[in-house]
Every structure is written in structure tokens, then in C-alpha cells.
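Me: I would like to learn how to read a few features of a protein model. Can we go through them one at a time?

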Amino acid sequence: MKKKLSDHQQNTIQEMFFIQTFISCAVKGHEDFPSPLKCVNDWYCVTYTKRSICTFKGSSVDISCHYDERTSSSFWYRFEVPQHHRDLTADPQYGRRVEVFSPIGSSTLRIKDLKKNDSANYRFKITSYNWKNLPGTTLTVTDPDLNVQVFLSPFGLKLICHSSCLQDRFPLIWYENDRIIPEEKSASYRGHVWPMNSYSCGYQTHRSQPVCEFITYIKAAASPVY
């Protein structure tokens with residue numbers, strides 16, 4: 001249940017909190033855009049590295065969380081309504097597609113060969129204490145939609161690897177003809193674009209259609225960038 005404390009004009013606050021309370025802050029007038037939730041006492045809370053992840057069908061994904069190291073029994077589960085806490089490593093829907101890595105104070109759930117029906121909210125449950133859990137990480141699995149967009153800038157041709165799902169934080173693969181360019185891993189291609197070559201981008205096992213010489217010139221002429 002959300003509760004607004006009060007209107008504070010300073011960046012500090014002194015209040016009495018329960019040890020399993022989550023708090024966030026926002027600029028006055030922009031309350032719809034608060035900061036990420038923070039647990040008042042990290043000893044009794046599980047926090048997640050990412051609140052949401054979008055990736056492609058057939059790829060793999062890592063979902064991670066952090067917690068106080070004083071725990072002995074824990075597992076990852078898929079949040080359902082009504083709640084049903086089934087250990088994913090024993091769930092036949094996932095089979096051998098699931099791996100869990102749990103060094104001290106953190107845990108990572110890896111799901112391989114993703115399917116569209118893997119889209120869900122995933123949470124980490126600690127059974128040794130009455131731990132408070134943030135809403136977890138919401139995973140969205142979509143069909144691959146990688147494509148290379150070509151623009152004409154004052155410095156020449158500019159290539160962007162575009163996807164409605166993947167964000168800049170995902171490491172990408174760039175191809176010149178069929179050769180991988182190992183130093184190019186971001187969405188924006190930074191190398192020199194040779195008009196006689198074709199270019200494509202990829203993520204894990206997925207790859208876009210190549211952009212060829214004459215297509216490059218047509219798109220570049222129609223899409224100037226200043």
C-alpha cells in the first residue's frame with residue numbers, strides 16, 4: 001500500500017519506519033516519476049537489478065537480485081495470481097532451460113531458449129526469514145525485430161541497429177558482409193561505412209537482414225540527419 005509521507009523541501013527526511021518498509025522520492029509536481037524503491041533496512045529485503053527486461057524468443061536472459069547474506073533456503077519462482085510459489089528448477093514448464101547461480105548476497109536466474117509464454121514477473125523467495133520482496137523483474141519475450149536503419153549525417157553514412165525491444169545496454173553484434181566486427185557492440189555503428197559492403201546487426205543467435213549498397217544510398221538520401 002502506497003503512502004505519501006509529507007511535502008518535504010529538503011533532500012533528507014527523518015521518520016520512524018518499519019524495518020521492511022520501501023521508500024522512494026520525487027520532485028514536487030512530478031510525483032508520477034519517482035525514484036526506484038529503496039528498502040529502509042537491507043537486511044530484510046530483496047532488491048532486483050532490473051525492474052523490467054525485454055528480449056527475443058529463442059535467446060537467453062539473466063535476472064538478478066541482491067539480499068543480505070544471512071540466508072540458507074531460497075528459490076526463484078514465477079509470480080502468479082493467485083500466488084503459487086513453485087521453484088522454477090522443479091517446474092516442468094521450464095525443465096532444463098533454467099539455471100540458478102547464487103554467490104553470497106546475490107542470486108541470478110538464467111532462462112535459456114526463451115518462449116513467448118515465459119513472459120511473466122519473476123521473484124526470489126527466501127524461506128528462512130519473513131523477508132520483504134519488491135515486485136520482482138518483469139520479463140517480456142517478443143519475436144525478433146532487429147533492423148539496420150541508415151541515415152546521412154554531415155560526417156557520412158550512419159548506421160543504427162534498431163529494435164522495439166532491446167535497449168542500449170544489450171551487447172550487439174555488427175557484421176560487415178559476413179564478417180563479425182568485434183569492436184562494435186553498441187546500437188550505433190561507429191566505424192567507417194563502405195558503400196560497396198553490406199551491413200547487418202545481431203543479438204545472440206538473431207541477425208537482421210543486411211543493408212546493401214543501393215538500399216543504403218536510397219535510405220540515406222531520404223533520411224537526412226543534421
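This is a predicted model: local features need pLDDT of at least 70, side-chain atom pairs count only at pLDDT 80 or more; totals for chains, interfaces and linings use all residues.

Me: How many of the 226 residues count as buried, as a percentage?

Reply: Of the 226 residues, 34% count as buried. The accessible surface of the protein is about 14400 Å², and carbon and sulfur atoms account for 55% of that surface.

Me: How do contacts in the protein divide by distance along the sequence?

Reply: Take the contacts between residues at least 6 apart in sequence; 55% of these join residues at least 24 apart.

Me: Now a single residue. Is Arg-78 buried or exposed?

Reply: Burial is judged by relative accessible area, and the cut-off for buried is under 20%. Arg-78 has 15% relative accessibility, so Arg-78 counts as buried. The residue is found in strand S6, which spans residues 74-79.

Me: Which side chains form polar contacts with the side chain of Arg-78?

Reply: One is the side chain of Glu-80, with a polar contact of 3.0 Å. Another is the side chain of Tyr-94, where the polar contact is 2.9 Å. Leaving aside neighbours within four places in sequence, Arg-78 is in contact with several residues, including His-84, Arg-86, Asp-118 and Tyr-122.

Me: What should I look for in backbone angles?

Reply: One thing to look for is a positive phi in a residue other than glycine, as in Asp-113, where phi is near 50°. Asp-113 lies in the loop between strand S8 (106-111) and strand S9 (120-126). Asn-177 also has a positive phi, near 60°, and lies in the loop between strand S14 (173-176) and strand S15 (179-180).

Me: Why do Asp-113 and Asn-177 count as partly exposed?

Reply: Partly exposed covers relative accessible areas between the buried limit of 20% and the exposed limit of 50%. Asp-113 is partly exposed because its relative accessible area is 42%. The value for Asn-177 is 36%, so Asn-177 is partly exposed too.

Me: Which residues have the most contacts inside the largest nonpolar core?

Reply: That core has 40 residues, and those with the most contacts inside it include Trp-76, Ile-111, Phe-124 and Leu-159. Strand S9 gives the most to this core, with four residues.

Me: Where does this core lie relative to domain 1 and domain 2?

Reply: Domain 1 (34-142) and domain 2 (147-217) both give residues to this core, so the core lies between them. Leaving aside neighbours within four places in sequence, Leu-159 is in contact with residues including Val-148, Trp-174, Tyr-189 and Tyr-199.

Key: Residues are numbered from 1 along each chain as its sequence is written. Side-chain values use heavy atoms; hydrogens and water are left out. Helices (H or I, at least four residues) and strands (E, at least two) are DSSP runs, numbered from the N terminus. Buried means under 20% relative accessible area, exposed over 50%, partly exposed in between (1.4 Å probe, protein chains only). A polar contact is a pair of N or O atoms within 3.5 Å; within protein, one must be able to donate a hydrogen and the other to accept it, and residues adjacent in sequence count only if both atoms are side-chain atoms. Contact means heavy atoms within 4.5 Å. Accessible areas come from the Shrake-Rupley method with a 1.4 Å probe; for residues, only the protein chains shown count as cover. A nonpolar core is a set of buried Ala, Val, Leu, Ile, Met, Phe, Trp, Tyr and Cys residues joined through side-chain atoms within 4.5 Å. Domain bounds come from an automatic or database domain assignment.
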